[in-house]
Amino acid sequence: MRKTTTLALIATGLVALGCGAGSTDEGTSSKSDSGAKGEDKPAKTAKIGQPARDGKFEFTVKSSKCGVAKVGTSMIGDKAQGQFCLITVNVKNIGKEAQTLDGSSQKALAADGTEYSSDTEAGLYANKEASTFFEEINPGNQVTGVFVFDIPKNVKLTKLELHDSMLSGGVTVSLT
């Protein structure tokens, strides 16, 4: 299952690169004030419950729950290597064209700066009705889903770096 998932992630990444190649992130709060192209940096840090914008998406983190050992059902699911942290996020398309939400572009960080990628396979099991893996969102529409991070048992996440695409600057949301 892991080999198939890895191949699917690689293929998805290649497709996402092609889809996002012509997109721009103009007019968002995640741009730096320097005006230089390619220098997308988070403008400020939002908190749980506060909207934070990156590119065509407005992210609102609703909740964070760590210490989860397994996601899915008793019949099918995914077991954490350490512990799963389930981050429930509402994502709204604030742009003028459809944009694809890619869960694999999201990152979580610990206090020491260690960066963790989302576990897209676990995310498929954690999201019963919604998808955060590769979901196209039309302008004005929004989805709520769960980003899943598999982190060591002794680690506590302190912030998220959320992206409208794998090439965007991202926006930071504090979890503490």
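Guide: Let us begin with a term: pLDDT is the predictor's confidence in each residue, from 0 to 100. This is a predicted model, in which local features need pLDDT of at least 70 and side-chain atom pairs count only at pLDDT 80 or more, while totals for chains, interfaces and linings use all residues. Residues are numbered from 1 along each chain as its sequence is written, and side-chain values use heavy atoms, with hydrogens and water left out.

Visitor: Which element of the chain has the lowest mean pLDDT?

Guide: Elements are DSSP runs numbered from the N terminus, with helices (H or I) of at least four residues and strands (E) of at least two. The chain averages a pLDDT of 81, and 74% of the residues score at least 70, but over residues 1-42 the pLDDT stays under 50. Strand β6 (residues 107-110) has the highest mean among the elements, 98, whereas the lowest, 42, belongs to helix α1 (residues 2-20).

Visitor: How many helices and strands are there in the chain?

Guide: Read from the N terminus on, the elements run α-β-β-β-β-β-β-β-α-β-β-β-β. Counted by type, the chain has 2 helices and 11 strands.

Visitor: What share of the contacts with a separation of 6 or more joins residues 24 or more positions apart?

Guide: A contact means heavy atoms within 4.5 Å. Among the contacts in the chain with a separation of 6 or more, the share that comes from residues 24 or more positions apart is 69%.

Visitor: Which two residues does the disulfide join?

Guide: A disulfide is a covalent bond between the sulfur atoms of two cysteines, and here the criterion is a pair of cysteine sulfur atoms within 2.5 Å. A search of the whole structure finds 1 such link, and its partners lie 19 residues apart in distant parts of the chain, one in strand β3 (residues 57-72) and the other in strand β4 (residues 77-93). With 115° about the S-S bond, the link is right-handed. The S to S distance is 2.0 Å, and the residues joined are Cys-66 and Cys-85.

Visitor: Is Cys-85 buried or exposed?

Guide: Buried means under 20% relative accessible area, exposed means over 50%, and partly exposed lies in between (1.4 Å probe, protein chains only). The relative accessible area of Cys-85 is 0%, so Cys-85 is buried.

Visitor: Why is the pair of Phe-57 and Phe-59 edge-to-face?

Guide: Rings of Phe, Tyr and Trp (its six-membered ring) pair if their centres lie within 6.5 Å, and planes under 30 degrees apart count as stacked, over 60 as edge-to-face and the rest as tilted. The structure holds 1 aromatic pair. The ring centres of Phe-57 and Phe-59 are 5.9 Å apart, and the pair is edge-to-face because the planes stand at 80°.

Visitor: How far does the backbone nitrogen of Gly-170 lie from a polar atom of the side chain of Asp-54?

Guide: Asp-54 lies in strand β2 (residues 51-54), and Asp-54 is buried, with a relative accessible area of 0%. A polar atom of its side chain and the backbone nitrogen of Gly-170 are separated by 3.1 Å.

Visitor: Is Lys-128 buried or exposed?

Guide: Lys-128 lies in the loop between α2 (120-126) and β8 (134-137). Its C-alpha atom is separated by 9.5 Å from that of Val-146, 18 residues apart along the chain. Because its relative accessibility is 70%, Lys-128 counts as exposed.

Terms used: Polar contact = N/O pair within 3.5 Å; in protein donor to acceptor, adjacent residues only side chain to side chain.
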